[in-house]
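Trainee: I would like to learn how to read a model such as this one. Please begin with the terms.

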Amino acid sequence: MANPITLDIPHTLGKQAVRQRLEGGVDQVVSKIPGGGKVDHRWEGDTMHFTVQAMGQTIASSATVFEDKVHAVVDLPGILGLFASKIKGAIEREAPKLLK
């Protein structure tokens, strides 16, 4: 069973600029994971759905772009749920960097 993390990342860039930054930055996620991994993504309207495969785990996520924020949902499978607060903190620190 997945343990979801939800968070909102504020921005002042507008939807189109944020979509471009997310599109250009999604592959950077792998560089933050020890040992690397693989990222696949697709867009449905203003929502980018992506999966990260690393360390034998698959993490399904989505990021919905609004005019003033990005709403992110990260489903942590199994044992990764035990690290939800640390993972959420890392996302809160790193995600705004993608929007600069």
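Mentor: Contact, or touching, means heavy atoms within 4.5 Å. This is a predicted model, in which local features need pLDDT of at least 70 and side-chain atom pairs count only at pLDDT 80 or more, while totals for chains, interfaces and linings use all residues. Residues are numbered from 1 along each chain as its sequence is written, and side-chain values use heavy atoms, with hydrogens and water left out.

Trainee: Which residues does leucine 98 touch?

Mentor: Not counting residues up to four places away in sequence, leucine 98 touches Arg21, Gly25 and Gln28. Leucine 98 lies in helix H3; helices (H or I, at least four residues) and strands (E, at least two) are DSSP runs numbered from the N terminus.

Trainee: Is leucine 98 buried, partly exposed or exposed?

Mentor: The classes rest on relative accessible area: buried is under 20%, exposed is over 50%, and partly exposed is in between (1.4 Å probe, protein chains only). Leucine 98 has 22%, so leucine 98 is partly exposed. Glutamate 92 is also placed in helix H3 and is partly exposed, at 43%. From glutamate 92 to glutamine 57 the C-alpha distance is 21 Å, at 35 residues apart in sequence.

Trainee: In what order do the elements run?

Mentor: From the N terminus on, the order is β-α-α-β-β-β-β-α. That comes to three helices and five strands.

Trainee: How does the radius of gyration of the chain agree with that of a compact globule?

Mentor: The radius is taken over C-alpha atoms, and the globule rule is 2.2 Å times the number of residues to the power 0.38. For 100 residues the rule gives a radius near 13 Å, and the chain has 13 Å, so the two agree. The C-alpha trace spans about 35 × 25 × 20 Å along its principal axes. Of the 100 residues, 33% are buried. Among contacts with a separation of 6 or more, 47% are between residues 24 or more positions apart.

Trainee: Which residues of helix H1 are buried?

Mentor: The general idea comes from helix geometry. An α-helix has 3.6 residues a turn, so residues three or four places apart point the same way. In helix H1 (residues 15–25), the buried residues are Val18, Leu22 and Gly25. They cover an arc of only 75 degrees around the axis, so they are on the same side of H1; the arc is that of the directions from the helix axis to the C-beta atoms. Gln16, Gln20 and Gly24 are exposed on the other side of H1.

Trainee: What covers the buried residues of H1?

Mentor: The cover includes helix H2 (28–31), strand S2 (38–44), strand S3 (47–54), S4, strand S5 (69–76) and helix H3 (84–98).

Trainee: Strand S4 is on that list. What does valine 65 touch?

Mentor: Valine 65 lies in strand S4. With residues up to four places away in sequence not counted, valine 65 touches Lys15, Val18, Arg19, Leu22, Trp43 and Asp46. Valine 65 is buried, at a relative accessible area of 2%. Its C-alpha atom is separated by 9.5 Å from that of leucine 22, 43 residues apart along the chain.

Trainee: Where does serine 62 lie, and which residues is serine 62 in contact with?

Mentor: Serine 62 lies in strand S4 (residues 57–65). Leaving aside neighbours within four places in sequence, serine 62 is in contact with Thr47, Met48, His49, Phe50, His71, Ala72 and Val73. At 16% relative accessibility, serine 62 counts as buried.

Trainee: Is isoleucine 79 buried or exposed?

Mentor: Isoleucine 79 counts as exposed because its relative accessibility is 55%. Isoleucine 79 is found in the loop between S5 and H3. The C-alpha atoms of isoleucine 79 and leucine 98 are 19 residues apart along the chain and are separated by 27 Å.
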